[in-house]
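Student: Could you walk me through this one slowly, and explain the terms as you go?
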Amino acid sequence: MSFVEYSEFIQEGDVAIIFLGHDSMMPVKVQQGAQTQTRYGVVRHSKDLIGQRFGTKVTCSKGGWVYVLHPTPELWTLILPHRTQILYTTDIANITMMLELKPGSVVCESGTGSGSLSHAILRTIAPTGHLHTVEFHQQRAEKAAEEFREHRVDHLVTVRNQDVCKEGFGVTGVADAVFLDIPSPWEAIRHAKNGMKRQGGRVCSFSPCIEQVQKTCEALADEGFEEISTLEVLLRVHDVRSITLPLPDFGSDRPLETPTDTPVPSNASVLCKTTTPPRDMAGHTGYLTFATKPSV
Amino acid sequence: MADNGDDDSQHRVNEGDYVVLKRGDIYKAVQIQKKKKTVFEKQWFFLDNAVGELYGTTFEVVTDGKLQPRKPKHIESSADAKEAGTDNRNIQDDGKSQKLTRDDIETLKEQGLNGQEIVQQLIENSTTFRDKTEFAQEKYIKKKKKKYENSVMVLRPSCRILAMMYHGREPGKICHLRYDTLAQMLTLGNIHAGSKVLVFETCAGLVLGAVIERMGGYGSVVQMYPGGGPVRAGVESFGFPSHFHDTLHEFPICHVNALLAGTLDTEAKDIDTNAGQANGDKSNLTQTDPEKAEGKGGSPDTEDQSMETSTSTDPAEDKEREEREKRREIRAQEKIVKTEEKRKKLSAAAGVLKGRNADGLVIASRFHPCPVLLGLIKFLAPSRPFVVYSQYKEPLIECYSKLREQGGAVSLRLTDSWIRHYQVLPNRTHPMLLMSGGGGYILSGTTVATDTTKAKTCSTTAEEPAAKRLKLTETTEG
């Protein structure tokens, strides 16, 4: 198992994902003799996990059951321990495509945060690319590096504990793409430019506030970036439902036989298969600003 | 600046490259061929001068349709205080403020003035320009530049660029799949190097190309195709290195049931080129497909057969007949080779599919998604993602319901993506005035091991909850 390569069978040391139900999952570190408590009972690693196929149904001690899934960056984003606010799959998908990431891409990222985007980038640039990720918070940087090791992707990433606005990414002239999710991205644009290949590349900045976006766009234009474009994306979920709608009773169109006849009430209803929106939805995550560094 | 030529070579345009031309928001995919006239945005030019330049270079179209690399932009001298007004209360919009006529402008164009110079002329001949506010002046200049500029940027093709191009130019060809929806599909499908992905699409090859790009030449992609042959025009536009095509297989869906039942015969047999047997459940490979468009024009065999009937002792006619025979032999040989090639490809693809251990499934077509999904999901290993795109929501509702019924999938989600672009300028920042009305729908999920017993649904909400205050559920986004 790794986050960048599928495998068929669960082995000791793997990270597996226990699926309990819709929107309810948890990661487990598979170990001989270990046990994991779930609301359906106990999952015994040696018996239920090791040697089983990913995707199998596991019956727990209380009789309930769960599925064990192979980790993916998308599943990880939903269950990872938050050290910071994270990026979700909708934004990540657009960032990946708009930065033109693919196997072999070299990417610079700051801040690493909780590693949600980092895992998605690593999956896309494997096996020949590299991610240089910068995090100014020491513990977060260490935790991220630890997770990359556990997830068997550490050979593809270098974590640096420094301030990108002051010291840059630690590399120059190598990146195909740069991603910024920091409070003052305009202060890192010069470093982004230096980190990128001389022949050009793509940059993206994610900011929750429009004032940040304005300052960043100005900095990008000043540094000669082209194709500056700002957008936002949101995901709308449609919950599939079967609904029954009662039909109104407008009475019979025939005159009553005798005055004492009462019209028979109709219980007719119609069954519809449709979708309804959830009560709330994410209305804003952040603005995504993209630009191209022109070839010099 | 001293350029290391070798360093740059992979970033420079070569003859034969597939590129994308760009002006503003308009894109067009073309192939670089010297001395070939290319038309783009009502202009004709030759791409010859692009060869050897770096990708991303902007060119001006000069006289005779030649391309000339544009000099680096000098920042507009906005330092000098230009005359400007404060608001538009006294500006009449009577259509008479521009003194140059259409003919005047044509004359200027013929004289060889470039876009920037024409815009300058328009400004000087506008009676109201100096009364406009600074913002209005900037907007006016931007608008005129867009109309009269003749610059072309030459870009390296990528999924991003081609997806935007197809969506802007020919959305009907790609089932109106918007680029951000495609982005969702690639990520939700966990498309990555080294995996085995099945693709069923009728989007001119755009979706297939996008998947191939994310695989980077590693792993394998099997294109399941309806009809006579796979459509891959869009894939060409990506300009993939030739070894990427080694990872690409194709399999006609008309053989899916046979493959699943184990009755598909892909062994070589004595070739009867005129055979046309197709039994109920045993598919013979020498079956000639009537829908195939790439037939060798008519039926050479029958043509020759009709000629054969005449007997003659004339040496010239004999020689002619000999040559005809020879040609028929060659054609028959070519057909044998082609059929064998086709058989080999089918056998290879069947081999990849047989194990039913594919890592991902991507569907995006004009066909009803339900039967496509239910048929192809059988080829997926457990704990693997699948993504189905449809221009319409209802067919996906059906897919969702059927999958819930039969089991074998979890985390089913029916979603669509909402996107909005912004204009970001000092004191003029706001969303764009026009936005996309819709970009299609996606049904995504993860396979799990199938039960022999009917799977009980994990999610209990199949019926509408009784009329009571809905419990606030934790959203998974933000």
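Tutor: Let us start with a term: a residue is called buried when its relative accessible area is under 20%, exposed when that area is over 50%, and partly exposed in between, with a 1.4 Å probe and protein chains only. By that rule B:Arg160 is buried, with a relative accessible area of 4%.
As for the source, this is a predicted model, in which local features need pLDDT of at least 70 and side-chain atom pairs count only at pLDDT 80 or more, while totals for chains, interfaces and linings use all residues. Residues are numbered from 1 along each chain as its sequence is written, chains are lettered from A and ligands numbered from 1 in the order in which they are written, and side-chain values use heavy atoms, with hydrogens and water left out.

Student: OK, which residues does B:Arg160 form a salt bridge with?
Tutor: A salt bridge here is a side-chain nitrogen of Lys or Arg within 4 Å of a carboxyl oxygen of Asp or Glu. B:Arg160 forms one with A:Glu100, where the closest N and O atoms are 2.8 Å apart, and one with A:Glu227, at 3.4 Å from N to O. A:Glu227 lies in strand 12 of chain A and B:Arg160 in helix 5 of chain B, so this pair joins two chains. Helices (H or I, at least four residues) and strands (E, at least two) are DSSP runs, numbered from the N terminus.

Student: And is A:Glu227 buried or partly exposed?
Tutor: A:Glu227 is partly exposed, with a relative accessible area of 21%.

Student: How many salt bridges are there between chain B and chain A?
Tutor: The count between these two chains is five. There are also 22 residue pairs in polar contact between them, both residues being at pLDDT 80 or more; a polar contact is a pair of N or O atoms within 3.5 Å, and within protein one must be able to donate a hydrogen and the other to accept it, while residues adjacent in sequence count only if both atoms are side-chain atoms.

Student: Which strand of chain B gives the most to the side that touches chain A?
Tutor: That is strand 13 of chain B, with 13 residues. This strand pairs with strand 12 (residues 226–246) of chain A in the antiparallel sense over nine bridges, and strands count as paired if DSSP finds at least two bridges between them. Within this pairing, A:His238 stands opposite B:Leu414.

Student: How many residues does the contact take from each chain?
Tutor: Counting contact as heavy atoms within 4.5 Å, it takes 80 residues from chain B and 72 residues from chain A.

Student: Switching topic, what about a salt bridge inside one chain, like A:Glu8 with A:Arg53?
Tutor: In that pair the closest N and O atoms are 3.0 Å apart. A:Glu8 lies in the segment before strand 1 (15–21) of chain A and A:Arg53 in the loop between helix 1 (45–49) and strand 5 (57–59), so the pair ties together parts that are 45 residues apart in sequence. A:Glu8 is partly exposed at 39% relative accessibility, and A:Arg53 is partly exposed at 32%.

Student: Where do B:Glu250 and B:Lys345 lie?
Tutor: B:Glu250 is in strand 10 (residues 248–252) of chain B and B:Lys345 in helix 11 (residues 315–354) of chain B, 95 residues apart. Their side chains meet in a salt bridge at 3.6 Å, N to O. B:Glu250 counts as buried at 15% relative accessibility, whereas B:Lys345 is partly exposed, with 48%.
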